[in-house]
Amino acid sequence: MAGEPEGSRALGGLLSGLARDAFHGQPGITEELLRSQLYPEVPPEEFRPFLAKMRGVLKSIASADMDFNQLEAFLTAQMKKQGGITSDQAAVISKFWKSHKTKIRESLMNQSRWDSGLRGLSWRVDGKSQSRHSTQIHTPVAIVELELGKSGQESEFLCLEFDEVKVNQILKKLSEVEESISALMQPA
Amino acid sequence: MGEGKYMEQDSECRNKIKGQLVDFQWKLGMAVSSDSCRSLRYPYVAVMLKVADHSGQVKSKSFEMTVPQFQNFYRQFKEIAAVIETV
């Protein structure tokens, strides 16, 4: 099954549907939808184990975030297995992972973030002037709007005001974060 | 996350009373593995803000950023600093 060129296209479509269901959270991608759209001549009882096998292969690859060496070794092993995959199928899977890896990884990262994420940041600087008796005092302020939100939920907006002193305090903290990141990224 | 942008006239903040940042705590974490992905391996910056409203009440807000998002966040604050200095 799915050894011919048309089979390759169908398998590519199947992997795409599986990815959208398993990783990108798209609802409504049922077994019947995939079968009727991509493999209409295949009876459901034959399609079901095939779908399960492909889903399992894709999940294993994504879960291990396989690089191309690991992928090759993994697919070779799958080809040698009883009831495994064909070399044509391996080629389609390999091509699919190479082009979708980044996006799938991003979705998996988002799925594992349960706190709010930073969705947006905008700002402006105002020159606030106040009158104290007869003297004008100019205190510039930065107005910062942070857009926060948890996965699948509506955004929450935080509106903050910073004077120059505060901005510099934040900058100092942010440079500490950057130092930590650099230290982390250093080879051991 | 979009690049930081200049706040528009119709921003959400326009008619709100701005909060004052009272504290900024940060943590650099590493997500190792999860239920759906055994090999996550990505660093993230977790931030805990304490914000005082006009009545003095302090609320905590936390959020996470990926490293590229953090770098953009930092870049924006440097720009804010550069502008505020010249006003």
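Asp65(A) is buried, with a relative accessible area of 8%; buried means under 20% relative accessible area, exposed over 50%, and partly exposed in between, using a 1.4 Å probe and protein chains only. What you're looking at is a predicted model, where local features need pLDDT of at least 70 and side-chain atom pairs count only at pLDDT 80 or more, while totals for chains, interfaces and linings use all residues. As for bookkeeping, residues are numbered from 1 along each chain as its sequence is written, chains are lettered from A and ligands numbered from 1 in the order in which they are written, and side-chain values use heavy atoms, with hydrogens and water left out.

**Chain A as a whole**

- Chain A has six helices and three strands; helices (H or I, at least four residues) and strands (E, at least two) are DSSP runs, numbered from the N terminus.
- Reading from the N terminus, the order in chain A goes α-α-α-α-α-β-β-β-α.
- With a radius of gyration of 26 Å, well over the 16 Å that the globule rule gives for 188 residues, chain A is more spread out than a compact globule. That radius is taken over C-alpha atoms, and the rule itself is 2.2 Å times the number of residues to the power 0.38.
- If you draw a box along the principal axes, the C-alpha atoms of chain A fill roughly 90 × 45 × 25 Å.
- Of its 188 residues, 40% count as buried.
- Take the contacts in chain A between residues at least 6 apart in sequence, and 52% of them join residues at least 24 apart; contact here means heavy atoms within 4.5 Å.
- Chain A has an accessible surface of about 10,500 Å², and 50% of that belongs to carbon and sulfur atoms. Accessible areas come from the Shrake-Rupley method with a 1.4 Å probe, and for residues only the protein chains shown count as cover.
- How far apart are the mean positions of the 23 positive and 25 negative charges of chain A? They are 2 Å apart. Lys and Arg count as positive and Asp and Glu as negative, with His and the chain ends not counted; each charge is placed at NZ of Lys, CZ of Arg, CG of Asp or CD of Glu.

**Spots to look at in chain A**

- Setting aside neighbours within four places in sequence, Gly17(A) is in contact with Ile29(A) and Leu34(A). Gly17(A) and Leu34(A) are 17 residues apart in sequence but 7.3 Å apart in space, C-alpha to C-alpha.
- Arg35(A) belongs to helix α2 (residues 31-38) and is buried too, with a relative accessible area of 13%.
- Which residues touch Arg35(A), leaving aside its neighbours within four places in sequence? Its contacts are Pro40(A), Val42(A), Pro43(A), Pro44(A) and Phe47(A).
- Back to Asp65(A), which is in the loop between α3 (44-63) and α4. Its phi is near 45°, a positive value in a residue other than glycine.
- Thr76(A) is part of helix α4 (residues 68-80). At 30% relative accessibility, Thr76(A) counts as partly exposed.
- From Thr76(A) to Lys95(A), C-alpha to C-alpha, the gap is 14 Å in space, against 19 residues in sequence.

**Chain B as a whole**

- Chain B comes to one helix and four strands, running β-β-β-β-α from the N terminus on.
- Chain B has 87 residues, and buried ones make up 44% of them.
- For contacts in chain B with a separation of 6 or more, residues 24 or more positions apart account for 31%.
- Its accessible surface is about 5,100 Å², with 48% belonging to carbon and sulfur atoms.
- Have a look at Arg41(B), in the loop between β2 (19-31) and β3 (42-52). Although Arg41(B) is not a glycine, its phi is positive, at about 45°. Arg41(B) is partly exposed, with a relative accessible area of 48%.

**Where the chains meet**

- The size of an interface is often given as the accessible area lost when the parts come together.
- Here, 54 residues of chain B are in contact with 54 residues of chain A.
- The area buried between the two chains is about 5,200 Å², and carbon and sulfur atoms give 70% of it. Buried area is the accessible area (1.4 Å probe) that two parts lose on being put together, summed over both.
- Which residues in chain B lose the most area to chain A? They are Met7(B), Phe77(B) and Ile84(B), together 13% of what that side buries.
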